[in-house]
Amino acid sequence: MEMDGKAVMSLEDFRLIKEFVAENFGLLVENGKEGYLSSRLLSRLEELRLSSFAEYYAYLKFAPGGTEERLQLVSRITNNETYFFREEIQLRAFAEVALPALKERKVKNGEREIRILSAGCSSGEEAYTLAMLVLESGCFAWDWDVKITGVDIDPKVIERAKDGTYSGRAFQSLPALYLDRFFRKCESGFRVKDSIRSMCSFAQGNLLDLDGIVSEAGVDIIFCRNVLIYFDDGTVKRIVENFARFLPDDGLLFLGHSESLSRITSRYIPIRFPGAIVYRVRG
Ligand SMILES: C[S@@+](CC[C@H](N)C(=O)[O-])C[C@H]1O[C@@H](n2cnc3c(N)ncnc32)[C@H](O)[C@@H]1O
């Protein structure tokens, strides 16, 4: 279908692409979002010189460059909004309650490794924020091995995370003190200093399948904030129960402040931290 020379998304096109997105990425495109989906994809149709969404769907499914096209698709439909020190009250709970408790447990077990996952990390601000808080907490001296891994399905944001250069809105909640301490000025903005960058690594991947991204040894804490809102309940259950495989019995899961696991899974116990609910894996 075309109107004024532009492809128009029919209800059938919408249904097919919506189902493709759900099957491949677990992402939920709500009914009635035809306008949104079509506006996000029109420029891609033009780049590929395709004249209809039906052709685009066939290209997605059957073209030889299918994998690359899936990544193009996901880049266009995901919401990548993020910034440093987002939802600070939760971050304080992480720094002031979770980190000291984690240190105590590690010391008791004679371990000196900390692993944190930022799941759905977008361009890296969350992972770097966690690294700044770990460093600032003073809980873990030079002889501790701290690794924070960021994972996101969108390859474009992963490239930006690896680069670690930011400007503008990324700093909307960053206390000035941290800008001085953890960034250095560069031509296009501010770059995260090496002391923080060396604690973080980033990988493109799907939260529905973290094998090969998160090591068998697992992680101590997972942050997955402002991500699960894009999935239906069944997919949220799959994702968080999959997380539980990588967490120790008392491992913690931090979700966004408007996200909850009640009525979704019984694998976690909600715990009240100052100002935040955090989920602990049921042993
Ligand atoms: C709104 S951002 C949240 C970023 C950060 N966690 C925060 O709270 O600021 C959501 C991110 O989740 C990513 N995402 C969505 N579905 C995903 C999936 N199936 N696997 C991995 N990442 C996904 C998106 O690409 C996007 O960058």
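Visitor: Over how many bridges do E5 and strand E7 (residues 189-192) pair, and in which sense?
Guide: Strands here are DSSP runs of E with at least two residues, and helices are runs of H or I with at least four, both numbered from the N terminus. Two strands pair if DSSP finds at least two bridges between them. For E5 and E7, the sense is antiparallel and the number of bridges is two.

Visitor: What kind of model is this, and where does residue numbering start?
Guide: This is a predicted model, in which local features need pLDDT of at least 70 and side-chain atom pairs count only at pLDDT 80 or more, whereas totals for chains, interfaces and linings use all residues. Side-chain values use heavy atoms, with hydrogens and water left out, and along each chain, as its sequence is written, numbering starts from 1.

Visitor: Which residue in E7 is the bridge partner of Thr-165?
Guide: Strand E5 covers 165-166, and Tyr-166 stands opposite Phe-190 in E7. For Thr-165, the bridge partner in E7 is Arg-191.

Visitor: What is the strand order of the open sheet of three strands?
Guide: E6 and E7 pair in the antiparallel sense over four bridges, with Phe-190 as the bridge partner of Lys-185, and these two strands form a hairpin with two residues between them. The edge strands, each pairing on one side only, are E5 and E6 (183-186). The pairing in the sheet is antiparallel, and the order is E5-E7-E6.

Visitor: Why are H3 and H4 described as oblique to each other?
Guide: Axes are lines fitted to C-alpha atoms, for helices over the stretch in contact, and angles run from 0 to 180 degrees between N-to-C directions. Helix H3 (residues 53-62) and helix H4 (residues 66-77) have axes 7 Å apart and pack at an angle of about 125°. Angles under 35 degrees count as roughly parallel, over 145 as roughly antiparallel, 65 to 115 as roughly perpendicular and the rest as oblique. H3 and H4 are therefore oblique.

Visitor: Which ligand atom lies 3.0 Å from a polar side-chain atom of Asn-206?
Guide: A polar contact is a pair of N or O atoms within 3.5 Å; within protein, one must be able to donate a hydrogen and the other to accept it, and residues adjacent in sequence count only if both atoms are side-chain atoms. For Asn-206, the ligand atom is a nitrogen.
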